[in-house]
2 protein chains.
Amino acid sequence: MIHSNSSKPDQNHLAVDVVHVLIKTNHYFNREFEKRLSSLEMPITLSGSRLRVLTMVGKMGEIRMSQLAEKLGVQAGTVTDLVDALQRDKLISRVPDPKDRRAMLLKLTEKAEKHLEPIHVIQSELAEKMLKRFSPEQRYQLIHLLEGMMDNLNLD
Amino acid sequence: MIHSNSSKPDQNHLAVDVVHVLIKTNHYFNREFEKRLSSLEMPITLSGSRLRVLTMVGKMGEIRMSQLAEKLGVQAGTVTDLVDALQRDKLISRVPDPKDRRAMLLKLTEKAEKHLEPIHVIQSELAEKMLKRFSPEQRYQLIHLLEGMMDNLNLD
DNA sequence: TATTGTTATACTCTATAACTATA
DNA sequence: TATAGTTATAGAGTATAACAATA
(Lines give C-alpha, C1' and ligand atoms only; values in the text may rest on other atoms or scores of the structure.)
Protein backbone atom coordinates (compact mmCIF):
# COMPACT_ATOMS: atom_id res chain seq x y z
CA MET A 1 0.00 0.00 0.00
CA ILE A 2 1.09 3.49 -0.80
CA HIS A 3 1.60 6.14 1.86
CA SER A 4 -1.78 6.80 3.28
CA ASN A 5 -0.53 10.23 4.17
CA SER A 6 0.30 11.57 0.76
CA SER A 7 -2.36 9.89 -1.34
CA LYS A 8 -4.70 12.88 -1.12
CA PRO A 9 -2.42 15.86 -0.59
CA ASP A 10 -4.82 18.58 -1.72
CA GLN A 11 -7.67 17.36 0.36
CA ASN A 12 -5.38 16.99 3.37
CA HIS A 13 -4.12 20.47 2.97
CA LEU A 14 -7.64 21.76 2.79
CA ALA A 15 -8.50 19.99 6.03
CA VAL A 16 -5.72 21.79 7.88
CA ASP A 17 -6.88 25.06 6.37
CA VAL A 18 -10.37 24.51 7.67
CA VAL A 19 -9.03 23.91 11.16
CA HIS A 20 -6.84 26.99 11.01
CA VAL A 21 -9.76 29.15 10.01
CA LEU A 22 -11.81 27.58 12.78
CA ILE A 23 -9.17 28.40 15.38
CA LYS A 24 -8.77 31.91 14.08
CA THR A 25 -12.49 32.61 14.08
CA ASN A 26 -12.75 31.34 17.62
CA HIS A 27 -9.84 33.52 18.63
CA TYR A 28 -11.41 36.58 17.04
CA PHE A 29 -14.66 35.97 18.85
CA ASN A 30 -12.90 35.51 22.18
CA ARG A 31 -10.81 38.62 21.83
CA GLU A 32 -13.77 40.79 20.97
CA PHE A 33 -15.93 39.19 23.64
CA GLU A 34 -13.33 39.78 26.37
CA LYS A 35 -12.93 43.36 25.17
CA ARG A 36 -16.65 44.03 25.41
CA LEU A 37 -16.88 42.27 28.75
CA SER A 38 -14.17 44.38 30.33
CA SER A 39 -15.69 47.59 29.00
CA LEU A 40 -18.88 46.64 30.80
CA GLU A 41 -17.37 47.86 34.08
CA MET A 42 -18.94 45.13 36.13
CA PRO A 43 -18.22 44.90 39.86
CA ILE A 44 -16.98 41.36 39.34
CA THR A 45 -14.97 40.37 36.32
CA LEU A 46 -15.53 36.88 35.04
CA SER A 47 -12.75 35.15 33.16
CA GLY A 48 -13.56 32.69 30.41
CA SER A 49 -13.07 29.73 32.73
CA ARG A 50 -15.26 31.10 35.48
CA LEU A 51 -17.91 31.99 32.99
CA ARG A 52 -17.80 28.46 31.61
CA VAL A 53 -18.26 27.09 35.14
CA LEU A 54 -21.27 29.29 35.78
CA THR A 55 -22.81 28.51 32.42
CA MET A 56 -22.40 24.78 32.96
CA VAL A 57 -23.77 24.87 36.50
CA GLY A 58 -26.66 26.99 35.27
CA LYS A 59 -27.41 24.54 32.52
CA MET A 60 -27.30 21.52 34.82
CA GLY A 61 -29.18 23.23 37.65
CA GLU A 62 -27.33 21.19 40.25
CA ILE A 63 -24.07 19.36 39.77
CA ARG A 64 -21.29 17.66 41.69
CA MET A 65 -17.69 18.86 41.67
CA SER A 66 -16.52 15.67 40.01
CA GLN A 67 -19.21 15.83 37.34
CA LEU A 68 -18.30 19.42 36.64
CA ALA A 69 -14.61 18.56 36.27
CA GLU A 70 -15.53 15.86 33.81
CA LYS A 71 -17.83 18.14 31.80
CA LEU A 72 -15.23 20.87 31.59
CA GLY A 73 -12.39 18.50 30.88
CA VAL A 74 -10.22 19.73 33.76
CA GLN A 75 -8.81 18.22 36.94
CA ALA A 76 -10.67 18.02 40.25
CA GLY A 77 -8.24 20.38 41.93
CA THR A 78 -8.79 22.96 39.23
CA VAL A 79 -12.52 22.87 39.85
CA THR A 80 -11.97 23.30 43.57
CA ASP A 81 -10.00 26.48 42.92
CA LEU A 82 -12.51 27.86 40.45
CA VAL A 83 -15.44 27.16 42.72
CA ASP A 84 -13.57 28.64 45.69
CA ALA A 85 -13.19 31.89 43.78
CA LEU A 86 -16.79 31.94 42.60
CA GLN A 87 -18.06 31.17 46.07
CA ARG A 88 -15.97 34.01 47.47
CA ASP A 89 -17.83 36.26 45.05
CA LYS A 90 -21.14 34.70 46.12
CA LEU A 91 -21.92 33.50 42.62
CA ILE A 92 -22.11 29.84 43.43
CA SER A 93 -23.28 27.83 46.42
CA ARG A 94 -21.78 24.58 47.61
CA VAL A 95 -23.94 22.31 49.75
CA PRO A 96 -23.23 18.77 50.90
CA ASP A 97 -25.04 16.07 48.97
CA PRO A 98 -27.48 14.44 51.42
CA LYS A 99 -27.12 11.15 49.57
CA ASP A 100 -23.33 10.95 49.75
CA ARG A 101 -21.51 12.72 52.52
CA ARG A 102 -18.31 12.89 50.48
CA ALA A 103 -19.92 14.86 47.69
CA MET A 104 -20.83 18.52 47.22
CA LEU A 105 -23.64 19.94 45.12
CA LEU A 106 -23.15 23.20 43.24
CA LYS A 107 -25.85 25.71 42.35
CA LEU A 108 -25.97 29.22 41.02
CA THR A 109 -26.96 31.97 43.43
CA GLU A 110 -29.55 34.56 42.50
CA LYS A 111 -26.74 37.05 42.28
CA ALA A 112 -25.15 34.90 39.60
CA GLU A 113 -28.31 34.74 37.54
CA LYS A 114 -28.56 38.52 37.63
CA HIS A 115 -24.87 38.83 36.89
CA LEU A 116 -25.05 36.58 33.86
CA GLU A 117 -27.85 38.53 32.18
CA PRO A 118 -25.81 41.39 30.69
CA ILE A 119 -23.10 38.93 29.74
CA HIS A 120 -25.55 36.89 27.76
CA VAL A 121 -26.77 40.04 26.08
CA ILE A 122 -23.24 40.91 25.01
CA GLN A 123 -22.71 37.40 23.77
CA SER A 124 -25.90 37.54 21.79
CA GLU A 125 -25.14 40.93 20.28
CA LEU A 126 -21.67 39.89 19.26
CA ALA A 127 -22.94 36.64 17.78
CA GLU A 128 -25.54 38.55 15.81
CA LYS A 129 -22.92 40.94 14.51
CA MET A 130 -20.68 38.13 13.32
CA LEU A 131 -23.61 36.47 11.60
CA LYS A 132 -25.05 39.61 10.09
CA ARG A 133 -26.59 38.94 6.69
CA PHE A 134 -26.23 35.18 7.17
CA SER A 135 -29.51 33.59 6.20
CA PRO A 136 -31.15 31.12 8.56
CA GLU A 137 -30.15 28.41 6.11
CA GLN A 138 -26.51 29.44 6.28
CA ARG A 139 -26.64 29.44 10.06
CA TYR A 140 -28.06 25.94 10.16
CA GLN A 141 -25.53 24.85 7.60
CA LEU A 142 -22.68 26.14 9.72
CA ILE A 143 -23.99 24.40 12.82
CA HIS A 144 -24.45 21.23 10.85
CA LEU A 145 -20.93 21.27 9.43
CA LEU A 146 -19.34 21.95 12.80
CA GLU A 147 -21.36 19.24 14.48
CA GLY A 148 -20.22 16.89 11.76
CA MET A 149 -16.63 17.64 12.72
CA MET A 150 -17.30 16.79 16.35
CA ASP A 151 -19.11 13.61 15.40
CA ASN A 152 -16.12 12.49 13.38
CA LEU A 153 -13.92 12.90 16.44
CA ASN A 154 -15.93 10.31 18.31
CA LEU A 155 -15.64 7.71 15.58
CA ASP A 156 -13.51 4.53 16.04
CA MET B 1 -44.63 43.78 28.24
CA ILE B 2 -42.31 43.23 25.35
CA HIS B 3 -38.56 43.01 25.75
CA SER B 4 -36.60 44.99 23.20
CA ASN B 5 -34.31 42.06 23.27
CA SER B 6 -36.77 39.60 21.85
CA SER B 7 -37.75 41.33 18.65
CA LYS B 8 -36.01 38.68 16.56
CA PRO B 9 -35.84 35.85 19.03
CA ASP B 10 -35.38 32.93 16.64
CA GLN B 11 -32.69 34.49 14.52
CA ASN B 12 -30.85 35.89 17.54
CA HIS B 13 -31.02 32.65 19.32
CA LEU B 14 -29.66 30.88 16.31
CA ALA B 15 -26.70 33.25 16.17
CA VAL B 16 -25.72 32.43 19.75
CA ASP B 17 -26.12 28.75 18.98
CA VAL B 18 -23.73 29.03 16.07
CA VAL B 19 -21.14 30.66 18.29
CA HIS B 20 -21.58 28.05 20.99
CA VAL B 21 -21.06 25.25 18.50
CA LEU B 22 -18.03 27.08 17.16
CA ILE B 23 -16.48 27.37 20.62
CA LYS B 24 -17.24 23.76 21.41
CA THR B 25 -15.75 22.48 18.18
CA ASN B 26 -12.63 24.50 18.78
CA HIS B 27 -12.42 23.16 22.31
CA TYR B 28 -12.79 19.57 21.10
CA PHE B 29 -10.03 20.05 18.58
CA ASN B 30 -7.72 21.59 21.14
CA ARG B 31 -8.30 18.90 23.71
CA GLU B 32 -7.64 16.12 21.25
CA PHE B 33 -4.65 17.91 19.76
CA GLU B 34 -3.01 18.45 23.14
CA LYS B 35 -3.68 14.82 24.00
CA ARG B 36 -1.98 13.59 20.87
CA LEU B 37 0.87 16.03 21.30
CA SER B 38 1.66 14.87 24.81
CA SER B 39 1.53 11.23 23.78
CA LEU B 40 4.24 12.04 21.24
CA GLU B 41 6.85 11.99 24.02
CA MET B 42 8.87 14.84 22.57
CA PRO B 43 11.95 16.13 24.38
CA ILE B 44 10.44 19.61 24.45
CA THR B 45 6.78 20.16 25.08
CA LEU B 46 5.20 23.04 23.23
CA SER B 47 2.16 24.69 24.70
CA GLY B 48 -0.47 26.20 22.46
CA SER B 49 0.95 29.68 22.88
CA ARG B 50 4.53 28.70 22.11
CA LEU B 51 3.39 26.71 19.14
CA ARG B 52 1.47 29.73 17.87
CA VAL B 53 4.62 31.84 18.21
CA LEU B 54 6.72 29.35 16.27
CA THR B 55 4.10 28.94 13.59
CA MET B 56 3.78 32.68 13.12
CA VAL B 57 7.53 33.25 13.03
CA GLY B 58 7.86 30.38 10.60
CA LYS B 59 5.19 31.83 8.37
CA MET B 60 6.72 35.31 8.38
CA GLY B 61 10.29 34.07 8.05
CA GLU B 62 11.60 37.01 10.01
CA ILE B 63 9.62 39.24 12.31
CA ARG B 64 10.00 41.88 15.00
CA MET B 65 8.86 41.44 18.58
CA SER B 66 6.34 44.25 18.24
CA GLN B 67 4.94 42.86 14.98
CA LEU B 68 4.62 39.46 16.57
CA ALA B 69 2.75 40.87 19.55
CA GLU B 70 0.36 42.59 17.20
CA LYS B 71 -0.19 39.48 15.08
CA LEU B 72 -0.86 37.32 18.12
CA GLY B 73 -3.00 39.92 19.83
CA VAL B 74 -0.99 39.93 23.05
CA GLN B 75 1.11 42.47 24.94
CA ALA B 76 4.78 43.18 24.24
CA GLY B 77 5.82 41.88 27.65
CA THR B 78 4.05 38.61 26.99
CA VAL B 79 6.00 38.14 23.78
CA THR B 80 9.26 38.84 25.57
CA ASP B 81 8.49 36.04 28.04
CA LEU B 82 7.43 33.60 25.35
CA VAL B 83 10.49 34.30 23.22
CA ASP B 84 12.75 34.05 26.28
CA ALA B 85 11.45 30.54 26.88
CA LEU B 86 11.74 29.49 23.25
CA GLN B 87 15.21 30.89 23.00
CA ARG B 88 16.21 28.96 26.11
CA ASP B 89 15.10 25.84 24.24
CA LYS B 90 17.05 26.95 21.16
CA LEU B 91 13.94 27.02 19.01
CA ILE B 92 14.11 30.67 18.11
CA SER B 93 16.91 33.15 17.48
CA ARG B 94 16.86 36.81 18.32
CA VAL B 95 19.18 39.12 16.42
CA PRO B 96 19.32 42.91 16.46
CA ASP B 97 17.74 44.59 13.46
CA PRO B 98 20.58 46.31 11.57
CA LYS B 99 18.15 48.98 10.38
CA ASP B 100 16.84 49.96 13.81
CA ARG B 101 18.99 49.43 16.85
CA ARG B 102 15.98 49.32 19.17
CA ALA B 103 14.40 46.37 17.37
CA MET B 104 15.01 42.62 17.41
CA LEU B 105 14.42 40.18 14.58
CA LEU B 106 13.12 36.71 15.32
CA LYS B 107 13.79 33.61 13.25
CA LEU B 108 13.24 29.90 13.68
CA THR B 109 16.30 27.75 14.28
CA GLU B 110 16.86 24.57 12.30
CA LYS B 111 16.04 22.68 15.44
CA ALA B 112 12.62 24.32 15.46
CA GLU B 113 11.91 23.36 11.86
CA LYS B 114 12.71 19.75 12.66
CA HIS B 115 10.73 19.94 15.85
CA LEU B 116 7.64 21.28 14.12
CA GLU B 117 7.46 18.53 11.52
CA PRO B 118 5.80 15.79 13.59
CA ILE B 119 3.52 18.39 15.13
CA HIS B 120 2.28 19.42 11.73
CA VAL B 121 1.72 15.79 10.86
CA ILE B 122 -0.43 15.33 13.96
CA GLN B 123 -2.35 18.48 13.17
CA SER B 124 -2.96 17.34 9.65
CA GLU B 125 -4.07 13.87 10.68
CA LEU B 126 -6.45 15.21 13.25
CA ALA B 127 -7.86 17.77 10.82
CA GLU B 128 -8.40 15.03 8.27
CA LYS B 129 -10.16 12.87 10.81
CA MET B 130 -12.53 15.66 11.79
CA LEU B 131 -13.30 16.34 8.14
CA LYS B 132 -13.65 12.73 7.09
CA ARG B 133 -16.29 12.29 4.43
CA PHE B 134 -16.59 16.09 3.98
CA SER B 135 -16.53 16.83 0.27
CA PRO B 136 -14.16 19.48 -1.04
CA GLU B 137 -17.23 21.65 -1.59
CA GLN B 138 -18.25 21.32 2.05
CA ARG B 139 -14.74 22.20 3.15
CA TYR B 140 -14.69 25.34 1.05
CA GLN B 141 -18.17 26.20 2.28
CA LEU B 142 -17.05 25.94 5.87
CA ILE B 143 -14.02 28.11 5.27
CA HIS B 144 -16.17 30.61 3.44
CA LEU B 145 -18.77 30.84 6.20
CA LEU B 146 -16.16 31.25 8.93
CA GLU B 147 -14.33 33.91 6.98
CA GLY B 148 -17.63 35.69 6.58
CA MET B 149 -17.96 35.80 10.35
CA MET B 150 -14.54 37.37 10.72
CA ASP B 151 -15.27 39.90 8.01
CA ASN B 152 -18.43 40.97 9.81
CA LEU B 153 -16.38 41.67 12.90
CA ASN B 154 -14.37 44.31 11.07
CA LEU B 155 -17.42 46.16 9.79
CA ASP B 156 -18.44 49.67 11.01
C1' DT C 1 8.26 62.86 21.95
C1' DA C 2 7.23 58.37 20.30
C1' DT C 3 8.58 53.66 19.71
C1' DT C 4 10.99 49.08 20.77
C1' DG C 5 11.75 46.01 23.87
C1' DT C 6 12.62 44.56 28.88
C1' DT C 7 11.62 44.17 33.71
C1' DA C 8 8.74 43.88 37.74
C1' DT C 9 4.55 42.62 39.77
C1' DA C 10 0.39 40.29 40.23
C1' DC C 11 -3.37 37.33 39.08
C1' DT C 12 -5.67 33.39 36.67
C1' DC C 13 -5.62 28.81 34.98
C1' DT C 14 -3.91 24.41 35.06
C1' DA C 15 -1.64 19.94 36.31
C1' DT C 16 0.30 16.58 39.55
C1' DA C 17 0.42 14.45 43.65
C1' DA C 18 -0.35 13.76 48.50
C1' DC C 19 -3.98 13.81 51.78
C1' DT C 20 -8.72 13.28 54.41
C1' DA C 21 -13.15 11.58 54.84
C1' DT C 22 -16.53 8.58 53.35
C1' DA C 23 -18.37 4.57 50.66
C1' DT D 1 -9.96 -0.54 48.22
C1' DA D 2 -12.07 3.13 45.57
C1' DT D 3 -14.20 7.63 45.22
C1' DA D 4 -15.13 12.82 46.31
C1' DG D 5 -13.05 16.61 47.29
C1' DT D 6 -9.15 19.57 49.26
C1' DT D 7 -4.55 21.23 49.79
C1' DA D 8 0.14 22.15 48.38
C1' DT D 9 3.23 23.09 44.95
C1' DA D 10 4.73 24.52 40.63
C1' DG D 11 4.68 26.45 36.11
C1' DA D 12 2.56 28.79 32.06
C1' DG D 13 0.13 32.67 30.19
C1' DT D 14 -1.39 37.12 30.52
C1' DA D 15 -1.97 42.18 31.66
C1' DT D 16 -0.38 46.57 33.46
C1' DA D 17 2.85 49.77 34.32
C1' DA D 18 7.44 51.66 34.85
C1' DC D 19 11.75 51.87 32.53
C1' DA D 20 15.98 52.22 29.21
C1' DA D 21 17.66 52.84 24.74
C1' DT D 22 17.02 54.56 20.32
C1' DA D 23 14.49 57.06 16.63
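What follows takes the sheet of each chain in turn, then the helices. The model is predicted.

**Chain A.** Three strands make up an open sheet in chain A, ordered β1-β3-β2. The pairing is antiparallel. Why is one side of β1(A) and of β2(A) left without a neighbour in the sheet? β1 (63–64) and β2 (92–96) of chain A stand at the edges with a single partner strand each, so one side of each has no neighbour there. β2(A) pairs with β3(A), residues 104–108, over 5 bridges. Within this sheet, Ser93(A) has Lys107(A) in β3(A) as its bridge partner.

**Chain B.** The sheet of chain B is open too, with 3 strands in the order β1-β3-β2 and antiparallel pairing. Its edge strands are β1 (63–64) and β2 (92–96) of chain B, and each pairs on one side only. Between β1(B) and β3(B), residues 104–108, there are 2 bridges. Here Arg64(B) stands opposite Leu105(B), a residue of β3(B).

In general, strands of a sheet pair through backbone hydrogen bonds.

| Helix | Strands | Angle |
|---|---|---|
| α2(A), residues 48–60 | β1, β2 and β3 of chain A | about 100° to β3(A) |
| α4(A), residues 76–88 | β2 and β3 of chain A | about 115° to β2(A) |
| α4(B), residues 76–88 | β2 and β3 of chain B | about 115° to β2(B) |

In chain A, α2(A) lies across β1, β2 and β3, while α4(A) touches β2 and β3. In chain B, α4(B) lies across β2 and β3.

Definitions and conventions
Residues numbered from 1 in each chain as written. Chains lettered and ligands numbered in written order. Predicted model: local features only at pLDDT ≥ 70, side-chain atom pairs only at ≥ 80, totals over all residues. Heavy atoms only, no water. Pairing = 2+ DSSP bridges. Helix = DSSP H or I, 4+ residues; strand = E, 2+ residues; numbered from the N terminus. Contact = heavy atoms within 4.5 Å. Axes fitted to C-alpha atoms, helices over the stretch in contact; angles between N-to-C directions.
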